[in-house]
Amino acid sequence: MSAHNHSIDQDQLVKEIQERRPEALNYLYDNYSGAIYGSILRIVQEEDIAKEVLQDAFMKFWDKIDQYDSSKGRFFTWMVNVTRNLAIDKLRSKELKKAQKTDDIGDYVNTRSEGATHQNIDGIGMQEAMQGLRDEERFVLEMVYFKGYTQSEIEKEFGIPLGTIKTRLRMALVTMRKILDVE
């Protein structure tokens, strides 16, 4: 590839990427990463995840360049479509859902919104009450109520039989009602 200080047309760029010229990938990144990153960020709305998807996108452009068909549209449009699909897949991925679900319980228990009254969940003794549960009951209760897992997801993720999960959750709720003196 000749000097990259000037622009080259998309057909030449595609040809050079197909020829596996590293300078073509550099040119592609230098000239398109800002626009691609912006489209990713609009979808995933988290910078760290957007940066990860951006790296994945450029690797996919490099690896899957032969899937680009100029008769179906412009190269940039193809890149945006590839990127959009990667970003949506990332949002739907188990990895991301798991990361969102495994936030520390303290993030939920101890937070208050602006202007909220002084009483929060910890103020009603929830953490202390949960200490009265058996470990396996506390685990299931935390997964369902604080981390957003369904009972089926717990079964699949942790290998606990569904019936056992239901029993532990029911027992945890019965115990919590007694501890908190809720009728």
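This is a predicted model: local features need pLDDT of at least 70, side-chain atom pairs count only at pLDDT 80 or more; totals for chains, interfaces and linings use all residues.
Me: Where does Gln 45 sit, and what is its phi?

Reply: Here is the general idea: most residues other than glycine have a negative phi. Gln 45 has a positive phi, near 60 degrees, although it is a residue other than glycine. Its place is the loop between H2 and helix H3 (47-63).

Me: Which loop holds Arg 20, and what is the phi of that residue?

Reply: Arg 20 lies in the loop between helix H1 (10-18) and H2. Arg 20 is not a glycine, yet its phi is positive, about 60 degrees. With 35% relative accessibility, Arg 20 counts as partly exposed.

Me: How many helices and strands does the chain have?

Reply: You will find 10 helices and zero strands. Of the 183 residues in the chain, 34% are buried.

Me: How do I read the packing of helix H2 against helix H4?

Reply: Start with the general idea: two packed helices are described by the angle between their axes and the distance between the axes. Here, helix H2 (residues 22-44) and helix H4 (residues 75-92) pack at an angle of about 40 degrees, and their axes are 9 Å apart. That makes H2 oblique to H4. The crossing of H2 past H4 is right-handed.

Me: Which residues make that contact?

Reply: On the H2 side they include Leu 28, Tyr 32, Ala 35 and Ile 36, and on the H4 side they include Phe 75, Phe 76, Met 79 and Val 80. Sorted by class, the contact of H2 with H4 has 14 nonpolar, two polar and one charged residues.

Me: What span should H4 have, and which of its residues are buried?

Reply: At 1.5 Å a residue, the 18 residues of H4 should span 26 Å, and the end C-alpha atoms are 26 Å apart, which agrees. Among the buried residues of H4 are Trp 78, Met 79, Val 82 and Leu 86.

Me: Which residues does Ile 179 touch, not counting residues up to four places away in sequence?

Reply: Ile 179, in helix H10 (residues 162-180), touches Ala 129 and Gly 132 on that count. Ile 179 and Gly 132 are 47 residues apart along the chain, and their C-alpha atoms are separated by 7.6 Å. At 38% relative accessibility, Ile 179 counts as partly exposed.

Note on methods
Residues are numbered from 1 along each chain as its sequence is written. Side-chain values use heavy atoms; hydrogens and water are left out. Axes are lines fitted to C-alpha atoms, for helices over the stretch in contact, and angles run from 0 to 180 degrees between N-to-C directions. Helices (H or I, at least four residues) and strands (E, at least two) are DSSP runs, numbered from the N terminus. Angles under 35 degrees count as roughly parallel, over 145 as roughly antiparallel, 65 to 115 as roughly perpendicular and the rest as oblique. A crossing is left-handed if the near helix is turned anticlockwise from the far one by less than a right angle, and right-handed if clockwise. Contact means heavy atoms within 4.5 Å. Ala, Val, Leu, Ile, Met, Phe, Trp, Tyr, Cys and Pro count as nonpolar, Asp, Glu, Lys and Arg as charged, and the others, Gly among them, as polar. The expected span of a helix is 1.5 Å times one less than its number of residues. Buried means under 20% relative accessible area, exposed over 50%, partly exposed in between (1.4 Å probe, protein chains only).
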